[in-house]
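Reader: Could you walk me through this structure, please?
Author: Gladly, let us look at it together.

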Amino acid sequence: MLNVILIATRLPAGMANISLTTYAQDFISSAIKPDDTVIDATAGNGHDTLFLANGVGKGGCVYAFDIQEQAIRHVRLRLDQSGQSQQLKLIQDGHQNMLLHIPASLHSSITAIMFNLGYLPGGDKSLTTQEATTLSALTQAFKLLMPGGMLSIMAYTGHPGGRAEAEAIKQWASALTP
């Protein structure tokens, strides 16, 4: 069974009234269910992390990665306030190191992985995702996803290097074999 990928740098025509985050969450929502294990590869302010936690419920597990301490604090607070922190595994490290932090017993069993690339809204805009680390993380994602698992990639192009990162992702995806 193929893995399903959503790559978006802008919304499809006629969908201007929703955010890219909502678009990605709608895409992923059909894949996750209670007790699943999922990954938020770029935790940021925790919006996708909370969405994933709600989807997998108390019996599931959400691994959330971010390199910034500020992001880690925001995610922890958001999930604590929502009562969803018991299923959270919060990791302050780059998404390119996912394989180091996800137990080998979970490789090939992750239901969904979400990437929301760019920079931390409200944070230091000079700290952005980078083409090389993102491509490494995407390659690792396929070792982590279960057959039929879903991967969403939101690539924001409005920061220095963002357009090049998005183009590199499109090239990476076009080279994938079903």
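**Strands and rings**

Author: In β5, aspartate 40 has methionine 114 as its bridge partner. This is a predicted model, where local features need pLDDT of at least 70, side-chain atom pairs count only at pLDDT 80 or more, and totals for chains, interfaces and linings use all residues. Residues are numbered from 1 along each chain as its sequence is written, and side-chain values use heavy atoms, leaving out hydrogens and water.

Reader: How many bridges join β5 to strand β6?
Author: Strands (E, at least two residues) are DSSP runs numbered from the N terminus, as are helices (H or I, at least four). Two strands pair if DSSP finds at least two bridges between them. Strand β6 covers residues 145–155 and runs parallel to β5, and the bridges joining them number seven.

Reader: Which residue in β6 stands opposite isoleucine 113?
Author: Let us stay with β6. Opposite isoleucine 113 stands leucine 151.

Reader: Is tryptophan 172 buried or exposed?
Author: Buried means under 20% relative accessible area, exposed over 50%, and partly exposed in between (1.4 Å probe, protein chains only). The relative accessible area of tryptophan 172 is 14%, so this residue is buried.

Reader: Why is the pair of phenylalanine 142 and tryptophan 172 called tilted?
Author: Rings of Phe, Tyr and Trp (its six-membered ring) pair if their centres lie within 6.5 Å; planes under 30 degrees apart count as stacked, over 60 as edge-to-face and the rest as tilted. By this rule there is one aromatic pair. The ring centres of phenylalanine 142 and tryptophan 172 are 5.7 Å apart, and the pair is tilted because the planes are at 50°.
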